[in-house]
Structure formats: structure tokens, C-alpha cells
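Please look over the model below before reading on.

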Amino acid sequence: MRPSTVPCRRSEGARGARGAAGGRGAGAGRWAVALGLVGGALADIALGDPRRGHPVAGFGRVASGLELRVWRPSRVAGAGYALALVGATGAAAWAVDTRLRRRPLGRALLTGALTWTALGGRSLGGVARDLAAHVRAGDLEGARDVLPALAGRDPEGLGGPELCRAAVESVAENTADAIIGPVLWGAIAGPAGVAGYRAANTLDAMVGHRSARHARFGWAAARLDDALTWPAARLAAGLAVLLAPVAGGDRGRAWRTLRRDGAAHPSPNAGRLEAAFAGAIGVRLGGRNRYGDRVEERPHLGDGRAPDPEAVASAARLSRAVGLAAAALATAVAWAGPILRRSVKARR
């Protein structure tokens, strides 16, 4: 009996060693994700968008080509289109990530590269400040030429305050889409989360609007983006309230405006951001927006002054601060995950 017990004990020890090694590998992998998230965020701040071969542009070309083949005035067709593209993008990132699970440096580089290409904070702030500079100089035509890079509304005939309003609203809304969403989903689901979220958000921009062609086909893409951006928008709005002094604003006013006006907007996410920014900066947003032949009357958010170039600059400054804070939080979540899991297992 004795000899038979020794191999059994050695086998259990070997399994325990392998389990510990696996746990360390998983922990190192999550640390690699944290390192990649902060590296990608810093790369966006320092470099902005890649100038050549941007993966998001490549994804857009693939999505446009597929749309030409599968488009139907049908929600079912649109749902299949959106789920196929988002699923394939997330699955591809997951497959590469899986092969790198025991290579922390490779996983960090993958996460960092995806995060850098998914983020758009520097470009967002730069375009907004460019528009503000044109308005400040009295060059409204120049500002109108810049606006399409920020918002889809028709710039024709817009004056300085309306151009600045469009810029502030776009900066606020895109703080969730282009800055918070990628790092938040990266902390939750690693590289697959970053890639899948950016794919969903890109499809929403392409087909998720209420045009005659996309009202039904783009419905699923819009709803998917709403669902994935929901937590990012709430986090961003909360951080905008906390960081209101960065923009020269007041936390109390930002919080009151968010609570009072956030749900009035037709978008479940944009309204929270726009209300928080309006309160933090001390401006009044909302009003009439023209999108080609379609006109929308948006509810007023905030009760401050009409937006001006200084308000645009303040919005860009607040957006950057919110992005940095969110990146730090996401990195901490990714970093602490393995530690918390090991602590829970140890207590069991």
C-alpha cells in the first residue's frame, strides 16, 4: 500500500505546481493587459491617430463592401450584418490574444496597439480647438469646413455660437465613444473587448443613423452601440462632474444639471455626457440641428451662456482629463483583477 501512495502524492504535487504556474501565467496576462491599456492611452496622447494604414479605416472599407452585398430594408438583415462584423472582429482579437497568454510582452504590445488605434482623444480635442480658433478669428467659413470632422449636422449658415455648440456637444458625446469605451471594455475583456467595442461604435457611425437607407438596416448597430456605451457614458459623466474644476467649473452645478437634464436627450448616452459637460462648463446646449433634409429639435441642457470658443477649449480640456482618469481606473481594474481573484481563492 505504501508504494502506491507515494506516486499519488507526487501527482497531486505536480498538479498543484502546474496550477500555480497557470495562475501565475493568468496573472501575468492581466498585468500585460493593464500595461497595454496605459501604453495605448499614452500613445494616443503623444501621437494621435495612426497616419497611415489605420485599422479602423480598413474595418470601415470591409463593412462598406459587405453592406453593398447584404443590405435590405430589414432589421433582421441589419442585425446579422452588425453581429457578424463585431463578432468576427472580437473573435480575431481573442484568437491572437489566446496565443499570447503565456507571452506577457506580446500580449501587452497587442493590447497597447489595439488601444492606441481605438482611441481618438487627441484628434477629438485637436479638431475642436481648431474650430474654436477659426471662430475666434472671425473665420466662420473655416469653422464650417472643420465641423464635419466633429459632427454630422449641416454646417451651412451656422453662426459662431451654433458652431461652438456643435463642437461642445460632439466633444462631450465622443468622450464616451472615442475615449472611455475602449479602455473600459479593455479592462473588462482584454484585447477582444477593445476591438469589439471599436467595431460596434464604427458601425453605429456608418449605419446607425436615421436616414431613409439605414432607419431599419442600422437599427441593430445603433442599439448594440447604445448597450456597449451605456457604462462608459455613466462613468464619463460621473468623472466630468468630479473633474469640473479642471474646466473652471463647479461640481455642484455639473451634478445638478446631469440629474435634471441628462435623461431629456433622445440618446440614452449622449444626454448624460452633454448635460454633465454643460453644467461643468456653464453653457446651454441643445436646440435645432439640421441633418441634410432632416431637422431635429433637441431639448435644452444646462442654463448657462451660449457656447463660445472658450467653452470649446474648456470642453476639450475636460474631455482630456476625464480620459486620463478613466484610463487610470481601467488600468487599475485590469491590474488588480488577478490579485483579487487569488485573494478570494485563498480565503476559500
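What volume does the second largest pocket have? The second largest pocket has about 290 Å³. The model is predicted, so local features are taken at pLDDT of at least 70 and side-chain atom pairs at pLDDT 80 or more, while totals for chains, interfaces and linings use all residues. Residues are numbered from 1 along each chain as its sequence is written, and side-chain values use heavy atoms, without hydrogens and water.

A pocket here is an open set of points on a 1 Å grid over the protein atoms alone, where a 1.4 Å probe fits, with protein on both sides within 12 Å along at least five of seven lines; lining residues have an atom within 4 Å of a point. Its volume is the space filled by probe spheres set on the points, which are joined across faces, edges and corners.

The lining of the second largest pocket counts 18 residues, and D44, I45, G121, R122 and R320 lie nearest the centre. At least two lining residues come from each of α1 (2-47), α5 (121-136), α7 (160-207) and α11 (309-347); α11 gives the most, six. Helices (H or I, at least four residues) and strands (E, at least two) are DSSP runs numbered from the N terminus.

Helix α9 (residues 251-261) has A254, T257, L258 and D261 buried, that is, under 20% relative accessible area with a 1.4 Å probe and protein chains only, where exposed means over 50% and partly exposed lies in between. These residues are on the same side of α9 because they cover an arc of only 100° around the axis, taken from the directions from the helix axis to the C-beta atoms. R256 and R259 are exposed on the face of α9 turned away from the buried side. The buried residues of α9 pack against α8 (219-242), α10 (270-281) and β2 (294-301), with contact meaning heavy atoms within 4.5 Å. At the start of α9, a side-chain oxygen of D250 comes to within 3.1 Å of the backbone nitrogen of G252.

N289 sits in strand β1 (residues 285-291) and is buried, with a relative accessible area of 1%. Its side chain makes a polar contact of 2.9 Å with that of R165; such a contact is a pair of N or O atoms within 3.5 Å, and within protein one must be able to donate a hydrogen and the other to accept it, with residues adjacent in sequence counted only if both atoms are side-chain atoms. Leaving aside residues up to four places away in sequence, N289 touches residues including R153, E169 and R298.

R144, in helix α6 (residues 140-146), is buried at 16% relative accessible area. The side chains of R144 and E141 form a polar contact of 2.5 Å.
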